[in-house]
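Here are my notes on the model you sent over. Have it open while you read, and go through the points in order.

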Protein chains: 2
Amino acid sequence: MADALEQLKERLTETQDLGKIARLLSWDQQVMMPRAGGQHRAEQFGALVKVAFDKFTDPAIGKLLDELQPLEESLDPDSDDAALIRLTRRDYEKAVKVPSSLRAEMARASSEATPVWVKARAENDFASFLPVLQRNVELKLQYVDLVADGADERYDVLLDDYEPQAKTAEVRAVFAELKPPLVGLIAELRDREVDDSFLHQNFSEEGQRVLGHEVVDLFGHRPDSWRIDPTEHPFASGQGRNDVRITTHYHADNLHSLFSTMHEYGHGLYSHQQPEHLERLPTGGPCSLGIHESQSRLWENLVGRSLPFWQFFYPRLQETFPEQFGDVPLDAFLPAINRSKPGLIRIDADEVTYGMHVMLRFEIEQDIVEGRIELKDLPQIWNQKMWDYLGVEVPDDTHGVLQDVHWSGGMIGYFSTYLLGTVMSVQIWQAVQRDVPDLEEQVGRGEFAALREWLGSHIHELGRKYTPQQVLERATGSTLQAQPYLDYLRLKYADA
Amino acid sequence: MADALEQLKERLTETQDLGKIARLLSWDQQVMMPRAGGQHRAEQFGALVKVAFDKFTDPAIGKLLDELQPLEESLDPDSDDAALIRLTRRDYEKAVKVPSSLRAEMARASSEATPVWVKARAENDFASFLPVLQRNVELKLQYVDLVADGADERYDVLLDDYEPQAKTAEVRAVFAELKPPLVGLIAELRDREVDDSFLHQNFSEEGQRVLGHEVVDLFGHRPDSWRIDPTEHPFASGQGRNDVRITTHYHADNLHSLFSTMHEYGHGLYSHQQPEHLERLPTGGPCSLGIHESQSRLWENLVGRSLPFWQFFYPRLQETFPEQFGDVPLDAFLPAINRSKPGLIRIDADEVTYGMHVMLRFEIEQDIVEGRIELKDLPQIWNQKMWDYLGVEVPDDTHGVLQDVHWSGGMIGYFSTYLLGTVMSVQIWQAVQRDVPDLEEQVGRGEFAALREWLGSHIHELGRKYTPQQVLERATGSTLQAQPYLDYLRLKYADA
């Protein structure tokens, strides 16, 4: 039995290592690869993903899992080995339900759709995107048909790909609780005058670069294990605890890069503090996209848009950009970086309005999966919801239904994790505050070790041993709750 | 039969793609990876190489090759398909002779030896390196035992790993022809006074960077397909025709980087001009290390140290470094960059002395493989040969037998390809001159299109369809010859 476990671990180690290589290929493609190398990269990626998938769905793994069932039942369910067998069984059973022909077709449809989407978005031409969207959705529904057996509802299958074992009904319930107060708060804040004109000036790339690196140094990392590079669309990539790569995009006329660097730092720290003894096993990876996002949002918003942080760091910003901020007092700067104003674009949205952008997509995705709407009607549905939730008129599809890459890549079920993470980030922050009573004072002194360590021991080091729901409950003592997030926003925007 | 061929191609495409990924991992490790990521990278590399090797040695490939024998015999031997079957059979038969346990042990021994070598070199401590060298050699000899069947001599097996189908006896014969005239020329030149003091000044990294990029632009490349990055030990890496990455190292006190960039450009151009229709097949790759080196040496030496090139480019160098070269006339600069002086270190050697550094290693390697010398005596043997061939006294092993990484990495059989490439580069240059009579005038005008195209159609586009010997003969009309290289040196150093 121990031998079967060793064999399983050896096989999984191999597929995990191949998965890390896939992440490196993707990082390289977005950060380093010469532009013309795309075709080569697609081929390399295809070969690697196929090999890794074939290795993971090898019937030998199923056989080992069967052999290991008695062992699993005899072990403490919280033990590393029980968690590994449990998690692998779950992943394996889901993976083998989908023939590799369908996987290949999904991959092809997605890679064919993306350039079509790029063009359609640039040209505000939803009609040209519709056929490839239809194809992606069609394949996704075939996928759901194959996997849905036993699920409470069909959308659960898709949600589970990003937020394992989350139930659509539960997410819906939390979002339903958020929606009326958020819509109310948005309406209330929309006419509040906040001057943020000084955030829209010219900022040298070098100044932004220095500040971004300084923030990451301050939050804390091991320089021999991290790198920060410019790219088009920022993201974080982890090839292992000691190889963490975050990216940013320097805009000439705003400071988005600074906040997005804090965001990616949160993702990076999660990778950096994964459990060392599970490093090469599936249980050693991150738990879910929602938990991942809770980490990035915590550093970006709970730390990075807070008074204590800027009491410490604002002088550095002023020093770096004296012309822009020399005459701006902190009590003008802070409301400006927290200004809430409904807008068209999700990724530019503030903390208050962001949730409605996500909910709109979550609702539409469920309607698609349940066949309640036709894809050709998406622009109209989108625009109506933007008006209802945010009071915003959508001028064209480029700034509406065509704005995100996800659907062109077949990523249906992904969006809600952004809001789940945001909601969780506040619950987690409050839990840290309970254990580290002077947390805000520490932040005000530029000290982050206790925060990093708390996140490490309560969240990061759990790896993927538990479900996201279990991780949240272990870390905070509570299930997913809308109220803390609403209270946080109320308090923050009462002050403003 | 056509079906078997398609199946073979599909399998080979996959292993080729995985091979390109391995090259990317290696590039990333040397250029981008955070320092602490080494352990992760070794694991990822191990997983990838194992998968690729298992795929290539799958008995199904042997079976397909058997099935394809009649087809191969019926095809024109110069056809792409015949070449593919022939080449794959050769690679396959060699690969399956070596059990994966021995491969794994060799990989482990090599990765364990490298840090020991680094330390031993730094501390001038050959004794501490000896045990790991012994282990590497031992395993290499086991490898030779397994593969040698049918070889004329045991060293052929090792040479063949780098220079397919080259025979040790032939290389020995050419080197024997080179040796006395080279030793003579070295002695003759050693006391010739050439002032190169102006090459040993301070050169800004930015100036070097600009010039290096300018040279590569001038030689010709597609900017969307190439990148140039700084690294510790320069190399070139190709992940495909449209993803070519060369590297360089900027020294503060000399211009080595400029010449090494020309060298790596030659390697890069070879990758860039590989045959497109064979891109993802083994026949589409580079032919051998010797042929590869002929390309780099041609651009570095035949172009990059020539009068016509510097007639064109010297004003740019003077503009970039006016303090260093403003008062130095071209007819002082040119002898300085071609100065011949025996030295201790192979990679710093000039065109005249370089060959003896290689021959010394080639002789020692054969003696090791034939058991004619004991490893513990290497320092003494090394120092004696340095004295005999170059008239140089070796002060310590750091600057002697410990200087190169190759043996610690188990790379025995590699060195001679450096000199083979150098010798071939002159034969190739003369062949281009026959077909492009105004070649030197073109170089003097900074025009390189005809040269690039000649190299493309006569060498690069042959890929790996032919042996290096065949490629040389097709390109130049001649087998490997020592005389052109000797004549070239005689002429060049008569002028100096």
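1. Two residues count as in contact if their C-beta atoms, placed from the backbone, lie within 7 Å. On that basis, 73% of the contacts in chain A with a separation of 6 or more join residues 24 or more positions apart.

2. Some housekeeping: this is a predicted model, where local features need pLDDT of at least 70 and side-chain atom pairs count only at pLDDT 80 or more, while totals for chains, interfaces and linings use all residues. Residues are numbered from 1 along each chain as its sequence is written, and chains are lettered from A, ligands numbered from 1, in the order in which they are written.

3. Chain A has 21 helices and 3 strands (DSSP runs numbered from the N terminus: H or I of at least four residues for helices, E of at least two for strands). Its radius of gyration, taken over C-alpha atoms, is 23 Å, close to the 23 Å from the globule rule for 496 residues, so chain A is as compact as a globular protein of that length (the rule is 2.2 Å times the number of residues to the power 0.38). Of the 496 residues, 42% are buried, meaning that 20 or more other C-beta atoms, placed from the backbone, lie within 10 Å of the residue's own.

4. Chain A splits into domain 1 (2-96) and domain 2 (125-496), with bounds from an automatic or database domain assignment. Their C-alpha centres lie 27 Å apart. The contact takes 19 residues from domain 1 of chain A and 16 residues from domain 2 of chain A. On the domain 1 side, α1(A) gives the most, with 12 residues.

5. What is the strand order in the open sheet of chain A? The order is β1-β3-β2, with mixed pairing (strands pair if DSSP finds at least two bridges between them). β1 (226-230) and β2 (236-238) of chain A stand at the edges with a single partner strand each, so one side of each has no neighbour in the sheet. β2(A) runs antiparallel to β3 (residues 244-248) of chain A over 3 bridges, and A:S237 stands opposite A:R245 in β3(A). Helix α10 (residues 256-272) of chain A packs on this sheet, touching β1, β2 and β3 of chain A.

6. Now the partner chain: 30 residues from chain B meet 30 residues from chain A. α1(B) supplies the largest share of the chain B side, 8 residues.

Note on methods:
Buried ≥ 20, exposed ≤ 12 C-beta atoms within 10 Å, placed from the backbone. Axes fitted to C-alpha atoms, helices over the stretch in contact; angles between N-to-C directions.
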